[in-house]
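Let's walk through this structure together, one topic at a time. Keep the sequence and the 3D view open as you read.

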Amino acid sequence: MPSEPSCKEYECNPSFLGNATGILKVVETIISLICFGLILHYFRALNSDRSYGGSALDQGAGFMFCVSFGFFLSSALMLIGGLMHPYTAHILPRTIFESLHHLFAGILFIAASTYLLIQSLQKNNDLKAYIGISDPGYNGKMAAAVLGMINGIFTWTQSKSDK
């Protein structure tokens, strides 16, 4: 029967943040968190004031919300794992999980950002043409789309370098 892990087995590994893998994981996690926060703020602001007649969370924003949260969570867990033990920091970048994570994060961030960008531009132009007002969350959605595109390209190129 395996014994319980001791406290010594979970040693802190701050050197993980000093190498390229750790720094890239921190950047990826922070950009995902910013995209998630922008969409969440946009959603909360529109839920409190629905007077403009639109839906609180359209499809593009919902897609970006799910993608950014999912990949923020998985990146944060990999970052925590790398900080908790040197073996994790050494082995994790060599696994197929890390390569697949970067590949799918890149593809899904690029897809969600493109969809959010196109839908936000169309919705803003329609509102200006028919009602004469701008979409209240336009700036936040555009910022999330651009950051998501940057994160998508960034993580997709990491999946190419993982091979």
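Where does UniProt place the feature "transmembrane region"? The unreviewed UniProt entry puts it at residues 23-43, 63-87 and 99-118. Positions from UniProt are given in the numbering used here, feature names are shortened, and annotations may be inferred rather than shown by experiment. A word on the ground rules: this is a predicted model, in which local features need pLDDT of at least 70, side-chain atom pairs count only at pLDDT 80 or more, and totals for chains, interfaces and linings use all residues. Residues are numbered from 1 along each chain as its sequence is written, and side-chain values use heavy atoms, with hydrogens and water left out.

Now look at the overall build. The chain holds 5 helices and 0 strands, and from the N terminus on its elements run α-α-α-α-α. Helices here are DSSP runs of H or I with at least four residues, strands are runs of E with at least two, and both are numbered from the N terminus. For residues 63-87 the figures are 96% helix and 0% strand, and here the end C-alpha atoms lie 35 Å apart.

Next, turn to a pair of helices. Helix 2 (residues 59-84) packs with helix 4 (residues 96-130) at an angle of about 155°, and their axes are 9 Å apart. That angle makes helix 2 roughly antiparallel to helix 4; the label applies to angles over 145 degrees, while those under 35 count as roughly parallel, 65 to 115 as roughly perpendicular and the rest as oblique. The axes are lines fitted to C-alpha atoms, for helices over the stretch in contact, and angles run from 0 to 180 degrees between N-to-C directions. The crossing of helix 2 and helix 4 is left-handed, meaning that the near helix is turned anticlockwise from the far one by less than a right angle (clockwise would be right-handed). By class, the contact of helix 2 with helix 4 has 15 nonpolar, 8 polar and 1 charged residues. Ala, Val, Leu, Ile, Met, Phe, Trp, Tyr, Cys and Pro count as nonpolar, Asp, Glu, Lys and Arg as charged, and the others, Gly among them, as polar.

The aromatic side chains come next. A pair of aromatic rings is described by the distance of the centres and the angle of the planes. Rings of Phe, Tyr and Trp (its six-membered ring) pair if their centres lie within 6.5 Å; planes under 30 degrees apart count as stacked, over 60 as edge-to-face and the rest as tilted. By this rule there are 3 aromatic pairs. In one of them, Phe 36 and Phe 69 are tilted, at 5.3 Å centre to centre and 45° between the planes. Phe 36 lies in helix 1 (residues 20-48) and Phe 69 in helix 2, so the pair ties together parts that are 33 residues apart in sequence.

How well covered are these two residues? Phe 36 counts as buried at 15% relative accessibility, and Phe 69 as partly exposed at 38%. Buried means under 20% relative accessible area, exposed over 50%, and partly exposed in between (1.4 Å probe, protein chains only). The rings of Phe 71 and Phe 109 have centres 6.2 Å apart and planes at 45°, so this pair is tilted. It links Phe 71 in helix 2 to Phe 109 in helix 4, 38 residues apart, and both Phe 71 and Phe 109 are buried. Phe 36, Phe 65 and Phe 69 form one aromatic cluster.

Finally, consider burial. Of the chain's 163 residues, 38% count as buried. Leu 116 sits in helix 4 and is buried, with a relative accessible area of 0%.
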